[in-house]
Each structure stands twice: as structure tokens, then as C-alpha cells.
Amino acid sequence: MHITLLIADLLSPPGFALPVAMPVLDAVLARSRVTVSAGGTLEDAVLDAFGCDAGAPVAALTALVDLADQQDSGTGKTWLRADPVHLAVSRDNIQLFDSHVVKPTEVEMAAIADTFNRHFLQDALRVSFPDAARGYIEIDANDVPVTTPIWAMGNASVFENLPRLSTKSRTNWRTRTNEIQMLLHDHPVNQAREAAGMVPINGLWLWGGGALSGFVIAPRHDRVIARLALARGLANAGNCAVESLPPNGNTLFDVKANQPADQSTLIVLHTATREIRAQSRETWPDEVARIDRDWIAPAVAALAAGKLASLTMVLPSESATMTVRVRNNGVMPRIKQLFATKRTLKDYA
């Protein structure tokens, strides 16, 4: 098998935390071909793996996963994401915090959906939350606004990134965004959250609109193993085999009899990204160490044992994106021999 590990955010953003020791990865880097390019996000790297960019109809892609059981994710439909967020107001800016910080529940989002749907009944707007972190509004094909992906809003100004009119939109979605904020201002869900010391869900971020009709995907892999909804949706749309992500890679890299020897597999690990976006400074280092131990080490060992034909790691982060092509030309007969380098991932970035 040919394995690509796409692992985001092993390098923390500036001011977040000190570098974490990754002994296996650091050792492998010294015996690999490393290409360094501009920094990027997890989602940018996933889209790139399927020959797409940030203009992809993300709502329609993730709907393939989230709405599959509801028979609502047809490729002919046009979807707009409406994700629960907390909007923190300062003197001259509004900053967005997504579901990693908000941590909405299914019960909360069901109540918010009920309020939304009753309020916008006459406008034929209806939202559903098949996952508490991801909302969907079916819209007309000629009503798609220009929007900013929620993953690009970490340090961005909400004012400057509200939905804008396009040649494919007739609804003033910016006004709708403001209307939703007013609708949620004194919502019972938020009254309960604030009483419990939690940030309110005072907005829905509208973004990612579009349909799959006419959208071209050029997957670079035959099989995708991931939990991330975007990766699974892209795999479904690109007719790739999709599998659930196991707890670790200890048995995943064994060649199976029913798998073609030249099969290319993409494995997406987004747990370090999740910790950073949740601002979990205490648990992010532990997650990075776990990835090094439970995923990178088994993959390198499988390559050294001849169970893998090739191993590539794509490591995007805010400061740099590294593509690591791990060599298996006799320089890794034993895993212990890899621990001779003192150069770390941060040094390459």
C-alpha cells in the first residue's frame, strides 16, 4: 500500500504553547525528503488532496455525510452551512468562536432550529442540525452568497467577512445574519448557557454554499480513512472507498489480502487541530505526543518492515506546510537507528 498521513497542527500557532517533543517524527525527518511550503489549514490540505480549493461547495459536500440517513443530500440540491458560533464584541471588532469553543448540544440546536424555522417560515428558510456543530439551509441555486469558510475566521474580523451578494444571490444574507443574531440574543438556550457560565450561541455563520452538480473532483487516492466530515464528503463525491478512523494505526498498516498492492490510502488526523481550535492549551501537547506514538511510529515501522510501498506525511500548520516523503532504502533497518538527529519539526518550519 501507499499511505499518505495528513496530520494538521503538530506545530502550535504563535503564543499558544511550547513545541512538543515528537521523537519518532523528528528522527524520521532526518532520513526523509522534506518539502516546505506556505502555511495552511487542515481543510485547505484536505481540499487540495482532492484537487479542489476553498471555493468548493463545502455545504453540499458535508451534507453527503450529515444528511445521508435523511435522504436529503441529493447532488441536485443547493446547500448553505449555518454553523453555531459565539460572536465576541469588542470596541472595534467582532471575533468569531466556532463549535470547538461553543460545544453546542443536540438539544440546544434542536431548540434553536425550532425558533429559526418558525421565524423564517414565510421566507421558506429552514435550518436543520444533523450534527450539533453543523447546520444546513437548503437554498435556491441562484441565491448563493459569497462567504468566508468558518475555518478561516479564527483571527479574522466578522465585519469584513459577512456574506456578500454575488451574481448567484438575490437574498441579502448579511441582513439575514444580523436578524439571526437578534433572534438568538435572549433565546432560552442562551439564558441557560449564561446562567451556567457558558458562552452564548449568539450567531449562525452562513458559508460554504453551493451544489455538487457540475462540481469536479480529482481525488489522488483510492481509499480515505477519516472522521472529518469534509474528508468523508469529498471521498463520497469522488467515488473513493471510505472507512472510519480507528483509535490508532497499530494494525491499520498491515497489508490485507483483499487490498490491491498499489492502493493509495489517505488518512486524515484532525485531533490536534481540534485541540487548538478549542483553545485547549493543556491537552494539545498530549494529543500531539499521542499522534507521534500511535500513528507515526506504527506507519514508519510498517514501512521498515516492507508492509508499505511508500509513506508520505502532509503536515499543514499556520506557520508552514511540510510534505515528508519517508525513504525506505535500507537506512531504516531498525527503528532505534532513527533517533540520532537533534533537529525538530519546528526547525524545518
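Modeller: Let us start with the aromatic pairs, for which rings of Phe, Tyr and Trp (its six-membered ring) pair if their centres lie within 6.5 Å, planes under 30 degrees apart counting as stacked, over 60 as edge-to-face and the rest as tilted. By this rule the count comes to three. This is a predicted model, in which local features need pLDDT of at least 70 and side-chain atom pairs count only at pLDDT 80 or more, while totals for chains, interfaces and linings use all residues. Residues are numbered from 1 along each chain as its sequence is written, and side-chain values use heavy atoms, with hydrogens and water left out.

Colleague: What makes W79 and Y136 an edge-to-face pair?

Modeller: The ring centres of W79 and Y136 are 6.2 Å apart and their planes stand at 85°, so the distance is within 6.5 Å and the angle is over 60, as edge-to-face requires. W79 lies in strand β3 (residues 78-89) and Y136 in strand β6 (residues 134-139), so the pair ties together parts that are 57 residues apart in sequence; strands here are DSSP runs of E with at least two residues, helices runs of H or I with at least four, numbered from the N terminus.

Colleague: Why is W79 called buried?

Modeller: Buried means under 20% relative accessible area, exposed over 50% and partly exposed in between, with a 1.4 Å probe and protein chains only. W79 has 5%, so it counts as buried, and Y136, with 0%, is buried too.

Colleague: Is A124 buried or exposed, and how do you know?

Modeller: The relative accessibility of A124 is 65%, which is over 50%, so A124 counts as exposed. Q279 also has a positive phi, near 60°, in the loop between α9 (271-277) and α10 (284-304), but its 40% lies between the two cut-offs, so Q279 is partly exposed.
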